[in-house]
Amino acid sequence: MASEEIDVQLQQLIESRIPSCRRALKDSQSNLTELAAYCEKNYVESVDKRTAFEQTKQYAVQSLSSVAYQIHDLAANVLQMLEIQTEQMGRMESDLNHIGQSIRNYKENVSRRKVGSLATSRNLSKPPHRVTAPEEMPKAQRYKRTPIDYSVLDDLGHGHRAGSSGKSGGYTRRESGISLQSTASRARIITGGGGGG
């Protein structure tokens with residue numbers, strides 16, 4: 001349904017159909033009051049009470065069905081009005097979300113422009129540095145095997161040099177808190193020789 005048709009239908013509901021249903025219910029209230037008074041008077045004055053009672057039952061059924069139909073008609077119109085208004089609210093919410101998204105996009109673009117204006121501008125006049133291939137490729141050198149010198153890294157590290165005479169001295173390891181015996185005395189202990197003790 002087009003938006004204009006929905007607006008016209010909503011206007012008809014609010015201005016004519018719902019008020020006419022309410023007026024019909026108010027008229028039914030006054031009619032039911034008059035009918036009740038008539039039925040009571042008819043039953044009291046009637047000679048044939050059974051016929052008067054049956055007639056009163058008929059009036060009551062017709063009146064109640066008429067009132068039920070009017071209430072149903074009013075409720076259906078009110079529900080239709082609420083559905084149309086809910087649909088309109090959904091459309092308005094969608095439009096507001098779209099507008100909010102557009103505003104957020106605009107603000108983001110403005111902030112990006114501001115950040116871009118604060119950035120340093122590049123000098124585009126000089127050409128960018130390029131790696132170019134040499135005009136003449138150099139000749140590949142033949143592989144020459146050289147022996148590995150393992151003593152090159154001897155002076156690096158945390159070892160303690162025993163003597164400062166260059167590379168000729170050996171390394172010793174200091175033991176903390178342990179006194180080492182000489183090799184000769186250790187040999188005597190192992191072989192079982194040596195002085196008293």
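The model is predicted, so local features need pLDDT of at least 70 and side-chain atom pairs count only at pLDDT 80 or more, while totals for chains, interfaces and linings use all residues. Residues are numbered from 1 along each chain as its sequence is written, and side-chain values use heavy atoms, with hydrogens and water left out.

**Overall make-up**

- The protein has 3 helices and 2 strands; helices (H or I, at least four residues) and strands (E, at least two) are DSSP runs, numbered from the N terminus.
- Reading from the N terminus, the order of elements is α-α-β-β-α.
- Of the 197 residues in the protein, 11% are buried; buried means under 20% relative accessible area, exposed means over 50%, and partly exposed lies in between, using a 1.4 Å probe and protein chains only.
- Taking contacts between residues at least 6 apart in sequence, 57% join residues at least 24 apart, where contact means heavy atoms within 4.5 Å.

**Helix α2**

- Helix α2 covers residues 49-118, which is 70 residues.
- From its first C-alpha to its last, α2 reaches 102 Å, close to the expected 104 Å; the expected span is 1.5 Å times one less than the number of residues in the helix.
- The buried residues of α2 are A52, S63, V67, Q70, L74, N77, M81, I84, Q88 and G100.
- Helix α1 (3-45) is included in what covers these buried residues of α2.

**How α1 and α2 pack**

- The axes of α1 and α2 come within 9 Å and cross at roughly 165°; axes are lines fitted to C-alpha atoms, for helices over the stretch in contact, and angles run from 0 to 180 degrees between N-to-C directions.
- The two helices, α1 and α2, are therefore roughly antiparallel to each other; angles over 145 degrees count as roughly antiparallel, under 35 as roughly parallel, 65 to 115 as roughly perpendicular and the rest as oblique.
- The crossing of α1 past α2 is left-handed, meaning that the near helix is turned anticlockwise from the far one by less than a right angle, whereas clockwise would be right-handed.

**The largest nonpolar core**

- I6, L10, L13, I18, C21, L74, M81 and I84 form the largest nonpolar core, with 8 residues; such a core is a set of buried Ala, Val, Leu, Ile, Met, Phe, Trp, Tyr and Cys residues joined through side-chain atoms within 4.5 Å.
- Both α1 and α2 give two or more residues to this core.
- Helix α1 supplies the largest share of the core, 5 residues.
- Beyond its neighbours within four places in sequence, I84 is in contact with I6, Q9, L10 and L13.

- Q88 is part of helix α2 and counts as buried because its relative accessibility is 17%.
- Leaving aside neighbours within four places in sequence, Q88 touches I6, D7 and L10 as contacts.
- Q88 and S3 are 85 residues apart along the chain, with 8.9 Å between their C-alpha atoms.
- S63 also sits in helix α2, and S63 is buried because its relative accessible area is 13%.
- With neighbours within four places in sequence set aside, the contacts of S63 are L32 and L35.
- S66 belongs to helix α2, but S66 counts as partly exposed because its relative accessibility is 32%.
- The C-alpha atoms of S66 and S28 are 8.3 Å apart, although 38 residues separate this pair along the chain.
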